[in-house]
Amino acid sequence: MKNNFANFINKTISLSMSMNKNVICFGLGVTDPKGVFGTTLNLQKKFGSARVFDAPASENSLTGMSIGASMLGTIPILNHQRLDFALLSLDQIINNAAKWHYLYGGQINIPITIRMITGRGWGQGPTHSQNLQALFTHIPGLKVVMPSLIDDLPTLLLSSIFDKNPVIFIENRWLHFSETKKKFKPSIRNLPYHRKISSGKNITIICYSYMTIEVLKASKILKKEFRVDVEIIDLVCLSPIKEKILIDSIKKTKNLLLVDTSYITGSFSSNLLAKLSKLDFEHKPQILAMPDFPEPTSSFMTKYFYNNYISVINKTLDTLKIKKRYKVNQNNHIHDKPVDYYMGPF
Amino acid sequence: MVEETISKKYSEQKMRCPVHLSIGQEIAPSILSLFTEKKDKCISTHRCHAHYLSKGGNLDKMIAEIYGKKTGCSKGYGGSMHLIDIKKGFMGTSAIVGSSIPLSIGMGLNIKLKGSKNISICYFGEGAREEGAFIESVNLAIVKELPVLFFCENNYYSVYTSIDQRQPKNASYNKILSNLGMKTFYSRGKNFDDMYIKIKNAYNFVKKKRLPCYLEIDCYRNVEHCGPYNDDHLGYRNKEDFKKWKNIDLIRNLEKFILKSKNSNSKLIKKIRENNKYKIDKAFYFADKSAKPNPSDAFLNLFK
């Protein structure tokens, strides 16, 4: 039987709740008929309304409530259907969740997980599609993770839930549709960790979240049609960063492309590149990111707005000073849906 | 007396952080301390000295914290605005107006989930009512039926800005919140018996009914918003008010009452003062002599 990403989130939350009775799960829509895109369906039936509950649209206080409860031993999972809604809780995240452990000299810790989902395409528009991870990675004291591949998802989520620090868990909505035949077998790892998901000798591509899927696709074509051998590092954890795996890879390939999911100015990748600029490169490293514009809503305007495997291929070729370009006719390509069977509405 | 000593010694430049003194506002938390238990969890604000001490917070560690020492209750990371004594159920304070209120409902949620008998206490000033976090949190506390005592100390000023520039004239939060379905109590802060009864009833309501309650008391900050001195020369506060509140100083009045009721009480009060002075001197000595943190300690305690 096939499982998809959304089922795996549901299963992982369920597993964590059976492993530890202190885990609770709540947020707006958690118990509604759609259950946050299916990720929280049936949890209330299994674990009762004290541990799984719906909530008012009070993002800031719900976050503070998670922090206060976690100070006394509760392990909260707070769910937001969009990252953009969670912006109302920045005071609690930045001033309290990220600070309490430090402020009190390590006497108290805040083991909360905040799930935020970002949209892409299908008219998500300027305020339902923002990838504001750089905002959170800027704040010391927060762990920021972004899953990409379904095989790692259960381990990443379980590790986040049981991490003793605040974890911002950012999911791209399109990933919810990815599928696997592999068994559900999560383990608990220390955060942060990064994953080398393919070995290569010509260039290192550092990527994360949904763009990892596009980079994987691009790497196959790069190898077959351009004889470019790509080493892919799926970051998984954006903050804090363990540089060793990145440095080892760059020392080997001597070339680097960073692929981001957000606006380029002040992006996570531009910051990471600044940190890695101490290394020696054969060609100048580059960043593939989004333009400094909000995402438009109309699908006519988003036609070429997003990066995909094609732009990854061409940016890789550009970085390596290879003159050839990869061209496909994108006229019939459906650019704003994750899968063919997706019919909206959100 | 503790804060009068802070005030006196502040110019020595050994307390190198902002201090928000509670002088004039000490009586209400002192009364609450007659009812609270160690297991009750308390959270407070930048003006937290009286709340911390009334919950049993360690005085030596508080002064050491203000001195920025390793032995401070927050090991020097917090300062005067961030006191904590976990053993005594004082779980920390926030220096952002209104920001600690949501934490108190989280503590209430934990208490409810565990089925324990204690309660969560949330101190804040009337300025915090202007923050969204306040209305969000009282709403959540009512909907989720959480055992939280919302303790509002109304001193009429947010830094130098008076309440009539910030909130509707004659607005009654007691009315607003009781319309939302929350039990409320209000004391004008001018009569000891009235304040005592209101605080006792509010505490007992939360404790017995396991529901949230809003308690508001009027009070007056005798010294400046932030710092050890008076700031009346700035002219932002009415001189008449200052005189009025000086006359109804409940601590002084209580002292007079005790002295009047029994002759031998003067000895008792003297003894209490001497005892306090000894404890305070000891705390300042402890703070002064305690080890300093290393500059490299700044890079510890980011993650557990």
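Which residues gather in a patch of positive charge on the surface? To find them in this predicted model, select K246(B), R252(B), K256(B) and K260(B), which together make up that patch.

**First stop: the positive patch of chain B**

Colour helix α10 of chain B, residues 250–261; this helix gives the most to the positive patch, with three residues. R252(B) has its place in this helix. With a relative accessible area of 44%, R252(B) is partly exposed.

**Second stop: a nonpolar patch of chain B**

Next, select V159(B), Y160(B) and L234(B). These residues form a nonpolar patch on the surface, and their accessible area together is about 260 Å². V159(B) is found in the loop between β5 (157–158) and β6 (161–162) of chain B. Its relative accessible area is 33%, so V159(B) is partly exposed.

Move to E131(B), in the loop between β3 (120–125) and α6 (132–143) of chain B. Which residues does E131(B) touch, not counting residues up to four places away in sequence? They are V97(B) and G98(B). Along the chain, E131(B) and G98(B) are 33 residues apart, yet 6.0 Å separates their C-alpha atoms. E131(B) counts as partly exposed, at 36% relative accessibility.

The structure holds 24 salt bridges over all chains. Two in chain B can be shown in turn.

Select K198(B) and D194(B), which form a salt bridge whose closest N and O atoms are 2.7 Å apart. Both residues belong to helix α8 (residues 192–209) of chain B; because they are four residues apart there, about one helical turn separates them. K198(B) is partly exposed, with a relative accessible area of 22%, and D194(B) is partly exposed as well, with 26%.

Then select K70(B) and D297(B), whose side chains meet in a salt bridge at 4.0 Å, N to O. This pair links distant parts of the chain, 227 residues apart: K70(B) lies in the loop between α4 (59–66) and β2 (90–93) of chain B, and D297(B) in the segment after α11 (265–289) of chain B.

Turn to chain A and select D152(A) and R195(A). They form a salt bridge, with the closest N and O atoms 3.9 Å apart. The pair links distant parts of the chain, since D152(A) is in the loop between β6 (143–145) and α8 (153–161) of chain A and R195(A) is in strand β9 of chain A, 43 residues apart. Both D152(A) and R195(A) are buried.

Select residues 211–226 of chain A to display helix α9. Its buried residues include M211(A), V215(A), A218(A), I221(A), L222(A) and F226(A). What covers the buried residues of α9(A)? The cover includes β9 (195–198), β10 (203–207), β11 (230–234), β13 (256–263) and α12 (309–319) of chain A. R227(A) follows α9(A) and has a positive phi, near 55 degrees.

**Last stop: the backbone**

Most residues other than glycine have a negative phi, and most peptide bonds are trans. The following places may be inspected with that in mind.

- S209(A), a residue other than glycine, has a positive phi near 55 degrees. S209(A) lies in the loop between β10 and α9 of chain A and counts as buried, at 0% relative accessibility.
- K75(B) is not a glycine, although its phi is positive, about 60 degrees. K75(B) is found in the loop between α4 and β2 of chain B and counts as partly exposed, at 37% relative accessibility.
- S239(A) and P240(A) are joined by a cis peptide bond, with omega about -5 degrees. P240(A) has its place in the loop between β12 (237–239) and α10 (244–253) of chain A.
- G344(A) and P345(A) are joined by a cis peptide bond, with omega about -5 degrees. P345(A) is in the segment after α12 of chain A.

How values were computed
Residues are numbered from 1 along each chain as its sequence is written. Chains are lettered from A and ligands numbered from 1 in the order in which they are written. This is a predicted model: local features need pLDDT of at least 70, side-chain atom pairs count only at pLDDT 80 or more; totals for chains, interfaces and linings use all residues. Side-chain values use heavy atoms; hydrogens and water are left out. Patches are made of residues with over 30% relative accessible area and no salt bridge: like charges are joined within 9 Å, nonpolar side chains (Val, Leu, Ile, Met, Phe, Trp, Tyr) within 5 Å. Accessible areas come from the Shrake-Rupley method with a 1.4 Å probe; for residues, only the protein chains shown count as cover. Lys and Arg count as positive and Asp and Glu as negative; His and the chain ends are not counted. The place of a charge is taken as NZ of Lys, CZ of Arg, CG of Asp or CD of Glu. Helices (H or I, at least four residues) and strands (E, at least two) are DSSP runs, numbered from the N terminus. Buried means under 20% relative accessible area, exposed over 50%, partly exposed in between (1.4 Å probe, protein chains only). Contact means heavy atoms within 4.5 Å.
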